[in-house]
Amino acid sequence: MAGKTIVVANWKMKPATFRDAKKLFDATKKVAEKCPKVSLIVAPPSLYLHEIASKYRGKRISFGVQNAHAELSGAFTGEISLAQAKDAGAQYALVGHSERRAAGETNEETGKKVAAALAQKITPILCIGERERVSGGEHFSIIAEQLRAGLADVLPAKISKVIVGYEPVWAIGGETTMSPREMHSMSIFIRKTIVGIYGDIGHSTKILYGASVGEKNVLAMLREGNVRGFIVGHVSTDPERFATLLKVIQNED
Ligand code: PGA
């Protein structure tokens, strides 16, 4: 595969204390040093981001936020802006994660966040994925719509700066990924949709897979899934499992 494998460690709302977050980051940092084939993006709870990112002296890890508001500032109690995220050390932002969509985020809001991230020179990781699979291929139209709305305000010159993370919601949080073969065709569908909107430049957008990625299934997905990397949730907060996962990628030939 050309280029490094991208791994996004989505810590979600864990760990419960900064002390534990620091321990988790120290363990993550240690293994990242030994895995130059991996481009690691750690997305901790935003409350911990500045302290962790500002003390990090290495080169292997970049940082991201799990969500942010599309407006730059204002009366939005409880929110953080992309400008604040950037100031705290984020170079990436997950946008439209299914857990945000489940909490009410619309396709349109997701699109605004993607554009706002690009305006801040933060790389948006646009998360898309159907909630369930029913017969009839309905998920393809859901994915196409999420892509169209998510990219609505992205100019052709910026499409190479967007990362798309396909996360089938029905597969999140378990131990089994979608089949790599199915991901392969989903990846082709996503690519076709982006190229359909943007033309050839759409080939530059990186596509990731997320949902139950772990040390036992990552290799098959890497070899057969037609993806540039992964979004890893619960396994990224388990230091031993995450270390094994990164080493599996590192040792792949
Ligand atoms: P999971 O989460 O790895 O726990 O399935 C992935 C995600 O929701 O980003």
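This is a predicted model: local features need pLDDT of at least 70, side-chain atom pairs count only at pLDDT 80 or more; totals for chains, interfaces and linings use all residues.
Figure 1. An oxygen atom of the ligand lies 2.7 Å from an N or O atom in the side chain of K12. For H97, the separation between a side-chain N or O atom and an oxygen atom of the ligand is 2.8 Å. H234 places a polar side-chain atom 2.5 Å from an oxygen atom of the ligand. Of the 280 Å² of accessible area that the ligand has on its own, the protein covers 99%.

**Figure 2. The shell around the ligand.** The ligand is surrounded by N10, K12, H97, E167, I172, G173, A211, S212, I231, V232, G233 and H234. By residue class, this shell divides into four nonpolar, six polar and two charged residues.

Figure 3. Residues around the ligand include I172, G173, I231 and V232.

**Figure 4. Cysteines C35 and C127.** C35 has a relative accessible area of 1% and is therefore buried, the limit being under 20%. C127 is also at 1% relative accessibility, so C127 counts as buried by that limit. A disulfide is a covalent bond between the sulfur atoms of two cysteines. The structure holds zero disulfides.

Key:
Residues are numbered from 1 along each chain as its sequence is written. Side-chain values use heavy atoms; hydrogens and water are left out. A residue is near a molecule or strand if one of its heavy atoms lies within 4 Å of it. A polar contact is a pair of N or O atoms within 3.5 Å; within protein, one must be able to donate a hydrogen and the other to accept it, and residues adjacent in sequence count only if both atoms are side-chain atoms. Accessible areas come from the Shrake-Rupley method with a 1.4 Å probe; for residues, only the protein chains shown count as cover. Ala, Val, Leu, Ile, Met, Phe, Trp, Tyr, Cys and Pro count as nonpolar, Asp, Glu, Lys and Arg as charged, and the others, Gly among them, as polar. A disulfide is a pair of cysteine sulfur atoms within 2.5 Å. Buried means under 20% relative accessible area, exposed over 50%, partly exposed in between (1.4 Å probe, protein chains only).
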